[in-house]
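This report goes through the sheets, a helix pair and the overall dimensions of one protein model. Please keep the sequence and the structure in view while reading.

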Amino acid sequence: MISRSPWWDRNLHAGRRPLLETRARIRRAIRDHFEESGFTEVECAALQISPGNEAHLHAFATDRIAPDGSQRRLFLHTSPEFACKKLLAAGEQRIFTFSQVYRNREQGSINVPEFTMLEWYRANESYDAVIGDCAAILKLAVQASGERQFRHRGREADAAAEPERISVAEAFACYAGIDLVSVLADGDPGRGAFARAASAAGINTAADDSWSDIFSRVLTERIEPRLGIGRPAILDRYPSCEAALARPAADDPLFSQRFELYVCGVELANGFGELTDAAEQRRRFDDEMRVKQTRYGESYPIDEDFLAALHNMPEASGVALGFDRLVMLATGCGDVRHVMWTPPVE
């Protein structure tokens, strides 16, 4: 909890209000920037047939009751991604949205069950274009907050500096001593080699850990704490098996057009060169839901309308950015709940 007092306590609110005013300035600056750059702001419905089909994302479910009393299971979206891509299929070219999104099993200073996601998409534009957008947004946040140095848990970064760009394979070699290319080339997709490499690097693994489990453990223990220190970092070219919605890299199908933006060791944004092959997307969703069913005993339906829209969707690139985290870093307050007008119930 933020405090023993409720968030609406007059004194507590007065102390938070400067942070909330900064939030409003940053949001206004981003909105103005996108509109001046030819983007259209869109609004996406939160109730969806599918909340997303990634194994380790957890949704809130509800039942829609029709006037005749019949019921249908719906979900609060974990991201507006499916809706935004349908808009691209409909003919939109440059879009952005500030969406409330909902993720179950989340709790902590940077992970809460309801938060604001800034997403934007460029049709027929390169992956590098949206990476450039990320740097521009950080500069806007600097200008709106008046703070060039972003801070979190003793770490600092010059948010206006040119981001470092490092591939996932380079980061694994540099910070964990693991040759990720060799691991990926060994088997399906090399869990045994990966477990041995992680163990040699001093990272504990369990016998039932999947390849993805090991990847996440190396990332969180050895790599993420070192990213975005001093200046922002772009962690680029994720393994394709860790990028269910991204298209493969043109030069090597083992890797994908996926990146994450880090500042002060905090993951701030997740971006893709978007996958538009509907058959391949279905296969990946099926794989993800099999993992989810095995691990958590549940799975989510696939949005057939989304897969149909992919046939008409142009090549595109897009990014999802945690807006509350951005404001948290810009104000140095240390907890996303401090920069939310009404923090979510947990």
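In this predicted model, an open sheet is formed by three strands in the order β2-β4-β3, with antiparallel pairing. Helices (H or I, at least four residues) and strands (E, at least two) are DSSP runs numbered from the N terminus, and two strands pair if DSSP finds at least two bridges between them. The edges are β2 (47–48) and β3 (60–65), each of which pairs on one side only. Two bridges link β2 to β4 (residues 71–76) in the antiparallel sense, and Gln 48 stands opposite Phe 75 in β4.

Residues are numbered from 1 along each chain as its sequence is written. Because the model is predicted, local features need pLDDT of at least 70 and side-chain atom pairs count only at pLDDT 80 or more, while totals for chains, interfaces and linings use all residues; side-chain values use heavy atoms, with hydrogens and water left out.

Another open sheet has eight strands, ordered β1-β5-β6-β15-β14-β13-β10-β9, and its pairing is mixed. β1 (40–41) and β9 (164–167) are at the edges with a single partner strand each, so one side of each has no neighbour in the sheet. Helix α2 (residues 81–89) packs on this sheet and touches β5, β6, β14 and β15, its direction making about 25° with that of β6. Contact means heavy atoms within 4.5 Å; axes are lines fitted to C-alpha atoms, for helices over the stretch in contact, and angles run from 0 to 180 degrees between N-to-C directions.

| Strand touched by α2 | Residues |
|---|---|
| β5 | residues 94–102 |
| β6 | residues 114–123 |
| β15 | residues 316–322 |

Within the sheet, β13 (residues 258–263) and β14 (residues 266–273) run antiparallel and are joined by six bridges. Leu 261 has Ala 269 in β14 as its bridge partner.

The axes of helices α6 (residues 191–200) and α7 (residues 211–223) come within 9 Å and cross at roughly 30°. The two are therefore roughly parallel, a term for angles under 35 degrees. Arg 191, Phe 194, Ala 195 and Ala 198 of α6 meet Trp 211, Ile 214, Phe 215 and Val 218 of α7. By class, this contact has seven nonpolar, no polar and one charged residues; Ala, Val, Leu, Ile, Met, Phe, Trp, Tyr, Cys and Pro count as nonpolar, Asp, Glu, Lys and Arg as charged, and the others, Gly among them, as polar.

The protein has 10 helices and 15 strands. Its C-alpha atoms fill a box of roughly 60 × 55 × 40 Å along the principal axes.

How values were computed. Parallel < 35°, antiparallel > 145°, perpendicular 65-115°, else oblique.
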